[in-house]
Amino acid sequence: MGVTSTTRELSSGWTFKRTDEEDGDWKHVQRVPTVVHLDLMDNGLNSLMHSRPAVSQIHFSTATSWTSNVPNDASVYLIFEGLDTFASVRLNKTVILESENMFLSHRVNITRFLTRDAPNELVIDFDSALLRGRALEKEHSEHRFIAHNGESGRVAVRKAQYHWGWDWGPVLMTAGPWRPVRLQICSAHIEDVWIKYDVHQDLEKVTGTVHVHVQGECNRARLSIRLSSGQTVFSQTVDDLASQASFSIDFSLDHPELWYPAGYGQQALYSVTVEVLEGDTTLDDWTRKTGFRRNELVQKEDRHGVSFYFRINNIDVFCGGSCWIPSDNFIPRISPARYRQWLQLMVDGNQIMTRVWGGGIYEEDCFYDTCDELGILVWQDFMFACGSYPAWPALLESVAEEAKQAVHRLRHHPSVILYAGNNEDYQFQEGYNLDYDYSNKNPDSWLKGSFPARYIYEHLLPSIVSGESHGVPYWPGSPFSNGKHSADPKVGDIHQWDVWHGTQEHYQTFDRIGGRFNSEFGMEAFPAMSTIRDFVTNPSELASHSRTLDFHNKADGHARRIALYLADNFPAMTGLESHVYITQLLQSEAITFAYRGWRRQWGDGRRCGGALVWQLNDCWPGTSWAIVDNFLRKKPAFYTISRTMQPLAIGVQRDYSDVTVCHARPSQSSPYALWVTNSLMKDAYAKVELRFVSVATGQDIRAPVVKDGCVLVANGTTEILSGTIANTREEPCVLTARLLVNDKCISRDADWPQPLKYLSFAKRGVLIDASEPGRYKVTVERPTKRLMFDERDGVEPSDNCIDVVPGDPQTIEYKGLETDMRAGVPKYRYLGSDEHQ
Ligand code: BMA
């Protein structure tokens with residue numbers, strides 16, 4: 001008679017010790033999943049800032065009588081969802097598992113190793129991944145190990161690559177059971193379920209097959225599909241399954257509720273449940289939420305080269321969003337609630353896509369669940385980054401298993417719409433002149449050359465994605481250009497790092513140097529002052545270039561790069577608070593030029609299919625390219641992106657001329673243009689206003705242009721006005737644009753003479769009216785650049801970091817301000833101001 005499966009998480013009762021410790025005591029582990037650094041901290045041992053855990057062996061142990069009541073005909077399994085990384089697992093002194101890949105999960109049948117009359121002792125020994133990486137490098141001298149960020153031994157090890165340190169994160173070589181350990185007792189269990197489906201072209205029907213793989217005996221199975229309301233829309237029972245390990249059930253749904261990205265429709269999710277039974281006894285069951293959608297990566301020749309954009313449920317979607325890194329060095333301490341907060345930020349900021357970057361991890365289930373729920377599209381890299389990876393046979397096997405498991409785990413998530421082979425590894429092939437002949441299509445020969453990882457990116461991974469997933473395209477790398485140089489702006493995606501890295505272009509030129517899809521670009525900014533105060537414990541270190549602040553910026557040459565862009569654009573400012581503000585302003589300006597220009601190009605024959613800023617988040621508190629710091633405090637760029645990504649967004653820009661005043665005459669005139677981007681599926685109708693406001697006096701230097709009855713084309717860009725500014729005859733003015741629907745202003749933009757440092761910002765005449773609770777009305781006498789109220793935890797402003805001009809006051813509404821109201825107007829600054837209270 002079959003036994004109903006029971007599963008228990010082995011989260012408590014563990015101890016750990018390090019072999020290099022003098023006392024060698026076993027210490028208490030508060031919870032599994034864990035990594036050794038968390039346990040050290042829990043035990044009051046601050047070993048974070050030195051590297052001993054990185055080079056020592058760590059043992060985790062637990063012993064209980066957890067199996068005393070196992071029925072005779074049942075099997076007992078230990079399931080390890082993830083072991084970081086070189087792990088040897090012993091049960092009652094017998095080695096039951098060896099693992100060398102952090103991204104793998106394992107299921108081990110332990111029935112025959114159990115004792116029933118005494119506690120069962122489970123020990124996991126972790127070896128140093130740092131040292132093993134170095135040893136592997138020596139052992140495999142037939143390969144060339146190349147890596148930027150971290151040491152080269154990392155490319156031999158299947159462990160999150162950022163653990164070796166990155167240009168935004170410290171070296172913290174974790175070890176431990178980083179994902180849950182479970183114990184399952186069952187006579188049959190569901191090994192895997194694949195919901196394979198097609199949404200018909202007319203979106204009126206979904207047909208599919210649910211493939212189930214079972215281990216153990218069962219004779220019946222039941223499939224049910226329910227709407228989130230609980231209503232069952234499909235159910236079927238299959239009898240006579242005797243001794244079949246795999247079976248399939250076809251299903252179809254008429255008039256399905258489809259899953260759409262945020263802003264394009266609902267995020268309809270269905271619950272799919274598979275039960276396997278013996279008679280009427282359920283032996284095991286499996287339930288996941290899934291959504292149905294069509295998904296295409298559109299790559300067609302056009303007048304700009306070859307397109308690169310996504311079409312979801314027949315709708316072309318401009319993918320504005322941001323790249324995602326692991327949001328902690330110690331993944332087990334990121335709660336599902338924290339994941340949700342991060343991802344909610346994206347939706348709140350009108351972002352629609354995130355790219356799970358290849359130097360981190362295949363994220364936690366709750367990450368993808370939340371993306372499904374919120375309608376965030378996921379570009380999923382495989383875990384390879386910034387290196388030339390070796391490819392010996394055992395490593396390839398491990399990678400294949402890792403990729404299969406990742407794809408199996410993610411394939412019911414409608415949010416996952418692209419797999420990419422790696423992050424920037426083709427740049428290593430190019431930069432180090434490694435063997436690559438695009439016309440050679442013989443994968444085995446690639447293994448013999450100096451760029452063997454091509455075999456992984458162009459043979460192994462694509463065959464796994466196409467064979468084991470459905471409706472998710474594969475792209476060999478980010479960036480990649482189908483045999484052309486990976487920075488080719490006409491085909492594929494690019495990482496546009498010629499601002500900040502590379503040739504250090506002016507950020508005002510971002511729109512001219514974009515590609516068909518800009519999957520990385522960015523600018524650094526300091527985190528919030530309150531975050532800095534948290535990690536700077538010595539007050540004398542509270543200075544913009546102090547040792548502590550420098551330590552919390554891991555990017556080589558960061559001081560020079562920030563200084564360069566500041567010197568090019570902003571007046572000098574002293575004092576830490578001013579420095580924090582000005583770097584944040586720098587970041588938000590740079591990112592505005594990128595997003596605004598590239599979103600405009602969407603309407604130009606899909607010239608640009610998306611923009612993903614590097615990076616949304618941080619793994620620790622510091623200065624980086626993140627637009628929100630590790631304590632979830634937003635930097636100004638968050639708001640500027642949000643404004644450019646509104647469904648209807650106005651843009652105005654004069655041509656940027658980057659001649660310096662030292663050697664050339666400034667251009668006599670600057671052409672300008674005003675446009676509106678519309679991501680709605682219908683044309684919209686609006687009024688547009690353009691003013692020319694003197695920076696010095698706040699007067700309009702020309703009569704405003706007002707255009708009523710503008711038709712804003714659906715899912716595109718409408719160019720509305722253009723003209724010329726006479727730079728030598730007219731005084732420096734701000735072009736301020738407003739978009740009005742039914743006389744209500746729904747979007748604003750402002751274009752300032754560049755660089756900003758040549759403007760005088762004296763006497764702006766800023767007035768904050770706080771007479772209405774929770775609302776601050778900002779009025780100015782002269783154009784005011786990027787007025788920023790201090791961010792406060794738990795308080796949500798409707799906007800921040802705004803440009804304000806005379807005659808157009810703006811009101812910022814705060815949610816959650818009740819208690820703070822008593823404190824009066826929050827601190828604010830703007831360009832050229834001293835701080836105001
Ligand atoms: C990109 C990323 C990361 C890096 C960032 C900033 O190339 O892929 O490797 O952190 O640049 O340098």
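**Figure 1. Overview of the predicted model, with contacts along the chain.** Among contacts in the protein between residues at least 6 apart in sequence, 70% join residues at least 24 apart. The structure shown is a predicted model, and the protein in it has 14 helices and 46 strands. A compact globule of 837 residues would have a radius of gyration near 28 Å, and the value for this protein, 29 Å, agrees with that. Taken along the principal axes, the box filled by the C-alpha atoms is roughly 90 × 65 × 65 Å. Of the 837 residues, 59% count as buried, while the protein exposes about 32,100 Å², with carbon and sulfur atoms supplying 47% of that area. The side chains include 84 positive and 106 negative ones, and the centres of these two sets lie 5 Å apart.

**Figure 2. The span that UniProt lists as a domain, residues 672-758.** In an unreviewed entry, UniProt lists residues 672-758 as "domain: Mannosidase Ig/CBM-like". In the model, this span is 0% helix and 62% strand, and its end C-alpha atoms lie 20 Å apart.

**Figure 3. Close-up of P732 and the residues that it touches.** P732 is found in the loop between β37 (716-726) and β38 (733-741), and with a relative accessibility of 46% it counts as partly exposed. When residues up to four places away in sequence are not counted, P732 touches V693, S694, V695, P753 and L759. The pair P732 and V693 is separated by 39 residues in sequence, and the distance between them in space, C-alpha to C-alpha, is 8.3 Å.

Figure 4. Helix α14 covers residues 636-644, and because nine of its nine residues are buried, the helix is largely enclosed by the rest of the structure. The buried residues of α14 are P636, A637, F638, Y639, T640, I641, S642, R643 and T644. Q615 lies in the loop between β32 (610-613) and α14, and the peptide bond that joins W614 and Q615 is cis, with omega at about 15°.

Figure 5. The loop between β29 (474-475) and β30 (494-495) holds P479. The peptide bond from S478 to P479 is cis, and its omega is near 5°.

Figure 6. D240 is placed in the loop between β15 (232-238) and β16 (246-254), and its phi is near 55°, a positive value in a residue other than glycine. Is this residue buried or exposed? With 68% relative accessibility, D240 counts as exposed, since the cut-off for that class is over 50%. C801 is found in the loop between β43 (796-797) and β44 (802-804), and here phi is near 60°, again a positive value in a residue other than glycine. The relative accessibility of C801 is 1%, so this residue counts as buried, a class that takes in values under 20%.

Figure 7. Y309 belongs to strand β22, which covers residues 309-312, and with a relative accessible area of 7% it is buried. Leaving aside its neighbours within four places in sequence, which residues is Y309 in contact with? They are E296, L297, V298, D316, W602, R606 and G609.

Figure 8. G305 is located in strand β21, made up of residues 305-306. With neighbours within four places in sequence left aside, G305 is in contact with K300, K490 and R516. The distance between the C-alpha atoms of G305 and P489 is 8.4 Å, although these two residues are 184 residues apart along the chain.

Conventions:
Residues are numbered from 1 along each chain as its sequence is written. This is a predicted model: local features need pLDDT of at least 70, side-chain atom pairs count only at pLDDT 80 or more; totals for chains, interfaces and linings use all residues. Side-chain values use heavy atoms; hydrogens and water are left out. Helices (H or I, at least four residues) and strands (E, at least two) are DSSP runs, numbered from the N terminus. The radius of gyration is taken over C-alpha atoms; the globule rule is 2.2 Å times the number of residues to the power 0.38. Buried means under 20% relative accessible area, exposed over 50%, partly exposed in between (1.4 Å probe, protein chains only). Contact means heavy atoms within 4.5 Å. Accessible areas come from the Shrake-Rupley method with a 1.4 Å probe; for residues, only the protein chains shown count as cover. Lys and Arg count as positive and Asp and Glu as negative; His and the chain ends are not counted. The place of a charge is taken as NZ of Lys, CZ of Arg, CG of Asp or CD of Glu. UniProt positions are given in the numbering used here, feature names are shortened, and annotations may be inferred rather than shown by experiment.
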